[in-house]
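Please open the structure in your viewer and keep the selection panel at hand.

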Amino acid sequence: MSGRMREHFELRDTDAGGRIGELTVPRAGVTVETPALLPVINPNLDTIAPRRLAEEFGAEILITNSYIIHGTDDVRERALEDGLHELLEFPGAIMTDSGSFQLSEYGDIDVTTEEILEFQRAIGSDIATPVDIPTPPDVSRERAERELETTQERLELAETVETGEMLVSAPVQGSTYPDLREEAGRHADSTELDVFPVGAVVPLMNDYRYDDMVDAVAGAKRGLSADAPVHLFGAGHPMMFALGVAMGCDLFDSAAYALYARDDRYLTVRGTRNLEDLEYLPCSCPVCTSHSPDELRALPDDERETELGAHNLHVTFEEIRRIKQAIRAGNLLELVEQRARAHPTMLDGYRTLLDHAAQLERSDPVSKGAFFYTSHESARRPEVLRHHRRLERLSVPDSLFLTEGQPARGDEFDDSWRVEPPFGPFPRALSKSYPLTAEVPARTDRAALEAAADGVARLAEANPETDLTLGHRSWPDGVLERLPDDVALTDLSSDRS
């Protein structure tokens, strides 16, 4: 059963699990292009004014905490009287969080789901959040199930609250149990709610557990429909946005730009640097082109915090635009691969993403620009998997020569197909079609050869009647061992044809 969000979210482009979409936010009267960054605004601390976020950085949506507003008397009165948009002076869409984070940090909050949703509606929130239970990683399965049940009861309760045009999010919990995340996703998807945050992943990201984060998101995505907008709660560092988008997340909120600025920390897409360690500013944003590191360090604390916050935001929004362009160009996974090289745990995240290649392949476009093979992880991309599956459907003659070199001469074989690592065999007629136009380094690595051998094996298994001969260029024994015994082998290296 699909809820009403289907009218609110429309997909435009896809690449791997990533997508460019349009999220219509009726109460704000705006349409937000995703993937979108929601800067976090603390109503009591103003690093960068919301109006400046819209005008200078192009922020279309931001997020603030309705629980903090609810608990701060003067702010609450102003929010109820003037509305959030007036209070924050922000023209775009405003999402509000419920206090679930405070619940997870401090163990107790004093509002119910109905109260906080009604309050969010009263202050003019455009996307509201119920009070779910953010179950931390690694708890017992029994606790994860018990708390998930409570969250699900509250989502069903949230459906009964009169919310008008305000969208309501349905957080997907389940701790570090991917099957519970999937069940939670399926349940949330069956409600009438609109936006689907994957909750309680901040502790995983704080501990650099990108592999477990990917598994949690992949689980949630299996339960949600393809057109459900997914919010990765608390994913503030631009280093991991490409990975999050490739998993299929559409909304990211970032408090990092402000929190890091407060600690004199300078964001880059390759990680974070302390301002005191920088002799040069490796960035061309307005802050970095108009200051030297010494000049930044010499500023009074609040000015330095604002300037660093602005730099951190420029880097963060730039990465979102770069990701959108990569989706349009069809090379999102190549960007993820570059980002994965910034930190060993990011590489774990990328390798875990490729464990889910079959899941990604379902939304991956059949045709794109050029496939660039840039590391042995490239051999596990969804395009390689799809080609191997396609081999089962191709019609083959009685005898076939698969070759890295020239076609066979004479009439020894009925036909000759090409073999190209990492894809393996394909009819020559397909050699101009994606992804077989791939750019592959001349020094082929073992992973590409193994993937090619797996393709030959797949073709052999699908066509037991066909006599197959493989003409290879000195493939290692370990790679050749992946082939069925009845594939005949010819080493072409000696004749260099």
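Are α7 and α8 roughly parallel or roughly perpendicular to each other? This is a predicted model, in which local features need pLDDT of at least 70 and side-chain atom pairs count only at pLDDT 80 or more, while totals for chains, interfaces and linings use all residues. Residues are numbered from 1 along each chain as its sequence is written, and side-chain values use heavy atoms, with hydrogens and water left out.

Select residues 141-160, helix α7, together with residues 178-190, helix α8: they pack at an angle of about 10 degrees with axes 11 Å apart (axes are lines fitted to C-alpha atoms, for helices over the stretch in contact, and angles run from 0 to 180 degrees between N-to-C directions). The two helices are therefore roughly parallel, a term for angles under 35 degrees. Next, show the side chains where they meet, in contact (heavy atoms within 4.5 Å): among them are L148 and L155 in α7, and L180 and H187 in α8. The residues of this contact divide into six nonpolar, two polar and five charged.

Now move to the open sheet of five strands, whose order is β16-β15-β14-β17-β18 with mixed pairing; strands are DSSP runs of E of at least two residues, helices runs of H or I of at least four, and two strands pair if DSSP finds at least two bridges between them. Its edge strands are β16 (424-426) and β18 (488-491), each pairing on one side only. Select β15 (residues 415-420), which pairs with β16 in the antiparallel sense over three bridges; E420 has G424 in β16 as its bridge partner.

Note on methods. Angles under 35 degrees count as roughly parallel, over 145 as roughly antiparallel, 65 to 115 as roughly perpendicular and the rest as oblique. Ala, Val, Leu, Ile, Met, Phe, Trp, Tyr, Cys and Pro count as nonpolar, Asp, Glu, Lys and Arg as charged, and the others, Gly among them, as polar.
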